[in-house]
Amino acid sequence: MRAGAFAYPWDVDGDPAAPGLLAGLGLAQVTLAAAYHSTRALTPRHPAHRIVTAAHAAVLYPPDPDRWAGRRLRPYPAGEWAPGDAFGRAAEALGGAGLEVHSWVVLAHNSRLGADHPETSVVNAYGDRYPWAPCVARPEVRALLVDLAAEAAVRPGAAGTELESCGWYGLAHLHAHDKTGGAALGEREQYLMSLCFCPSCREGYGEGGADPDELAAAVRGALEPVWAASAPAGGLGVPEGPALAWRARTARAFQEAAVTAVRAAAPPGFRVLLHADPDAYRCGADAGTDPEHVLGLADGVVARPHRLAGFAAHARADSVIAANLNVVSGMGGAPDRLADEAERARAVGATELRLYHAGLAPDEDLAAVRTALAGLAG
């Protein structure tokens with residue numbers, strides 16, 4: 001199986017040994033971040049640092065001034081953690097080692113945007129804003145993210161792209177010193193807490209036949225047992241259908257616009273994948289999709305192992321179904337079981353592997369990856 005691994009530019013830029021190390025793992029490609037959210041990342045081998053703090057969501061290359069001139073919403077250049085064209089330098093080094101580079105573009109996840117422009121954020125049924133989650137129903141937000149997709153995806157040296165958060169983002173977010181675990185929130189509770197009630201979404205619900213005030217009240221009522229820790233969230237009744245339908249249409253339109261923009265900017269043969277989930281109501285990095293639609297729109301998807309079957313059932317002969325496998329033992333991964341996990345993923349429809357995350361993994365984990373990939377190739 002073709003295997004790729006995720007990496008950040010700062011894992012490679014300034015480390016002459018990094019490209020050869022990654023190529024020696026048996027990888028065919030590196031999915032290299034071009035636009036990424038804020039993070040604090042370990043760099044266990046870099047000669048110049050061990051911790052990189054990306055203070056805010058940023059593009060890791062110089063944005064085109066002509067594209068963004070006069071626009072209120074625009075991407076933020078990176079600071080000292082990825083100066084200048086860090087993506088370009090890393091891509092050139094990786095290509096020189098024989099690795100194919102694909103860009104990794106995070107879209108609807110941007111705390112800096114929400115801090116600077118609060119009106120762009122998702123608003124829950126209680127009126128709380130989620131500054132990390134731009135609302136993709138807002139036309140100005142969608143215009144920003146679609147143009148960002150085209151610019152960040154089609155970087156010099158990239159043969160394809162993987163679009164993350166290409167859909168709704170919501171409550172789920174690993175925020176600094178997160179304190180949201182006091183009440184157990186399952187999938188339904190996460191969905192209810194992620195429904196947006198900004199002006200654009202309220203209008204959309206109304207067009208679908210749901211009164212937005214009644215819907216917000218129904219959400220709050222359904223969640224009341226959760227805060228009392230007496231029961232899971234209850235049902236919403238009639239308003240739930242129009243709300244989900246509106247969100248599914250909005251996500252679908254955003255995904256279509258983003259992929260179309262990337263293809264218009266890209267050379268022939270440029271491959272476009274989405275980090276995706278087969279359930280339309282899902283929010284987050286793996287945005288909810290209609291599997292049949294997204295596999296007709298993009299060249300394929302990157303998905304968690306337990307979500308692969310939902311896409312495999314709709315795959316075309318040439319569809320890419322890439323299994324996203326964690327190989328960082330300190331983050332819950334199991335690099336020593338990679339060969340078995342890869343075979344299980346293949347059995348449910350995976351055609352490729354994506355390994356999270358070559359830059360974060362210590363040497364022992366990478367040694368296990370090298371052994372597993374050699375065995376799979378054999």
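**Strand β2 and its surroundings**

1. Strand β1 (residues 2–7) runs parallel to β2, and four bridges join the two. Within this pairing, the bridge partner of A7 is L32 in β2. It should be kept in mind that the model is predicted.

2. A parallel pairing also links β2 to strand β6 (residues 100–106), here through six bridges. A33 stands opposite W104 of β6.

3. With strand β5 (residues 58–59), by contrast, β2 pairs in the antiparallel sense, over two bridges. Y36 has A58 of β5 as its bridge partner.

4. Is β2 buried or exposed? Eight of the eight residues of this strand (residues 29–36) are buried, that is, under 20% relative accessible area; β2 is therefore largely enclosed by the rest of the structure.

5. At the level of the whole chain, the protein has 14 helices and 14 strands. Buried residues account for 53% of its 378 residues. Of the contacts between residues at least 6 apart in sequence, 72% join residues at least 24 apart.

6. The radius of gyration is 21 Å, which agrees with a compact globule, because a globule of 378 residues would have a value near 21 Å. The C-alpha trace spans about 60 × 50 × 40 Å along its principal axes.

7. The accessible surface comes to about 15200 Å², and carbon and sulfur atoms contribute 54% of that area. The protein carries 32 positive and 43 negative side chains; the centres of the two sets lie 1 Å apart.

Methods:
Residues are numbered from 1 along each chain as its sequence is written. This is a predicted model: local features need pLDDT of at least 70, side-chain atom pairs count only at pLDDT 80 or more; totals for chains, interfaces and linings use all residues. Side-chain values use heavy atoms; hydrogens and water are left out. The radius of gyration is taken over C-alpha atoms; the globule rule is 2.2 Å times the number of residues to the power 0.38. Buried means under 20% relative accessible area, exposed over 50%, partly exposed in between (1.4 Å probe, protein chains only). Contact means heavy atoms within 4.5 Å. Accessible areas come from the Shrake-Rupley method with a 1.4 Å probe; for residues, only the protein chains shown count as cover. Lys and Arg count as positive and Asp and Glu as negative; His and the chain ends are not counted. The place of a charge is taken as NZ of Lys, CZ of Arg, CG of Asp or CD of Glu. Two strands pair if DSSP finds at least two bridges between them.
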